[in-house]
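Here are a few friendly notes to read with the model open beside you.

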Amino acid sequence: IDEFDKMDPTDQVAIHEAMEQQTISITKAGIQATLNARASILAAANPIYGRYDRTKTLKANVQLSAPILSRFDLFFVVLDECDQLADYNVAKHILDVHRCEELAVQVPFTKEQMQRYIRFARTLNPKITPESQRVLVDCYRKLRQGDTMGRSRAAYRITVRQLESMIRLSEALARLHCDDHIQPSYVREAFRLLRKSIIHVETEDVTFEEGDDGDDDGGGVGGTAASHDAGDESLQQNHPGEYHGGDNEVDAPTSHTSAAATTSEDMETTQQQQPPQQQPSTKKKSKKSKKKKTQITFEQYESISNAIATYLRSREGDGGGEEEGSEPQYLTWGQAEEWYLEQCEEQIGDSMEELDRMRKLTNLVIRRLIKVDRVLVYIGAEEEQGDEREKKIAVHPNYVI
């Protein structure tokens, strides 16, 4: 099926049953019949805007519904990348074919041999062995683990349909090898194909801003409050002609000349006080412009977050003791940070710069896990005053490691 994304929606719905149950139900003139679907579906579609965006998932790039996407076994994203050698080979091959050269394509088998081989392979009905069944269950469990909490930028969510896909691929590999039994190696190859198809979509890097670090938050807020207070005082002092109460009531019954003189004096006072009023805002702008960004790959971020979440969950499971009803043992932010730095001793070595970099990166990851991903939560009220590194944290109960 070419241009699959431009197919009419009613036609797409019609093949749901054929792709999931391998059957086609027909109701014509009061006669109901169920036929077996004996053909596989190979479909091609184009991206929405003509070019594939690697930072987005497959569903965001192709205009297809989720039920259709989940019914395909494998996805292959063909990217049009500029490569001098690849472009030369493609152009040369096309020109050779157009010139009708017999040596343009050298095939090891003839068309008749391939048809005979496929016809024989389709007659086989391989059976799954107990060992292959255990490998199949283990591979499906690994696929489900990579899909927890929706943090992995996969092509689609892993469901039981992907388990059926692995079974079909394993059977197909056994038929290709003319084997009557599904061997564990066939299951592992099907798992590799399915996983490569799912994680082919690249993930964007994780960017942290320096403002995310808690060291500068307090100062920035304090400076802003001070500038607002100073502005309020200047607003109260630098508006001539307004009623301020108090001593101004005594000066009210004066002549027009004195009022004009007072106004000019207040204008001079206002002009003298304006430059100090603008200084805090200038400093604030320069502070914002000097913010630095720290960027790491999604794989590095996932590695750090999984290590910290696994350790915290294991400590929670230990509990406070062997007595019944003992409360779980929660660690503070700082304790989790120190534990991860201990695990990176070999990478850090004796370099103090590397230690500071890893400490800062670990704090940024923990803060993102709490504020953005909601994988970690505070124990107690989040609004409690004090150093955030002294607050106890725990893994969200719904997060599956």
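1. First, some terms. On a 1 Å grid over the protein atoms alone, a cavity is a set of points where a 1.4 Å probe fits but cannot get out, while a pocket is an open set with protein on both sides within 12 Å along at least five of seven lines; residues with an atom within 4 Å of a point count as lining. Points are joined across faces, edges and corners, and the volume is the space filled by probe spheres set on them. By this rule there is one cavity of 30 Å³ or more.

2. Please keep in mind that this is a predicted model, in which local features need pLDDT of at least 70 and side-chain atom pairs count only at pLDDT 80 or more, whereas totals for chains, interfaces and linings use all residues. Residues are numbered from 1 along each chain as its sequence is written, and side-chain values use heavy atoms, with hydrogens and water left out.

3. The largest cavity holds about 40 Å³ of space. Around it you will find Met19, Glu20, Ser70, Arg71, Asp73, Arg161, Glu164, Ser165 and Arg168. Two or more lining residues come from each of α2 (16-21), α4 (66-71) and α8, these being DSSP runs numbered from the N terminus (helices are H or I, at least four residues; strands are E, at least two). The top contributor is α8, with four residues. The lining has one nonpolar, two polar and six charged residues; here Ala, Val, Leu, Ile, Met, Phe, Trp, Tyr, Cys and Pro count as nonpolar, Asp, Glu, Lys and Arg as charged, and the others, Gly among them, as polar.

4. Now for the largest pocket, with a volume of about 2,100 Å³. Of its 50 lining residues, Ser40, Ile41, Leu42, Phe72 and Asp73 lie nearest the centre. Which helix gives the most to this lining? It is α8, with seven residues. By class, the lining has 34 nonpolar, four polar and 12 charged residues.

5. Look next at helix α7 (residues 130-145) and helix α8 (residues 160-176), whose axes come within 10 Å and cross at roughly 140 degrees. Axes are lines fitted to C-alpha atoms, for helices over the stretch in contact, and angles between N-to-C directions run from 0 to 180 degrees. Contact (heavy atoms within 4.5 Å) is made by Leu136, Cys139, Tyr140 and Leu143 of α7 with Val160, Leu163, Met166 and Ile167 of α8. By class, the residues are eight nonpolar, no polar and no charged.

6. Finally, helix α14 (residues 333-343) packs on helix α16 (residues 352-371) at an angle of about 130 degrees, with the axes 10 Å apart. Residues in this contact include Trp333 and Tyr340 of α14, and Leu355 and Arg359 of α16. The contact has seven nonpolar, two polar and four charged residues.
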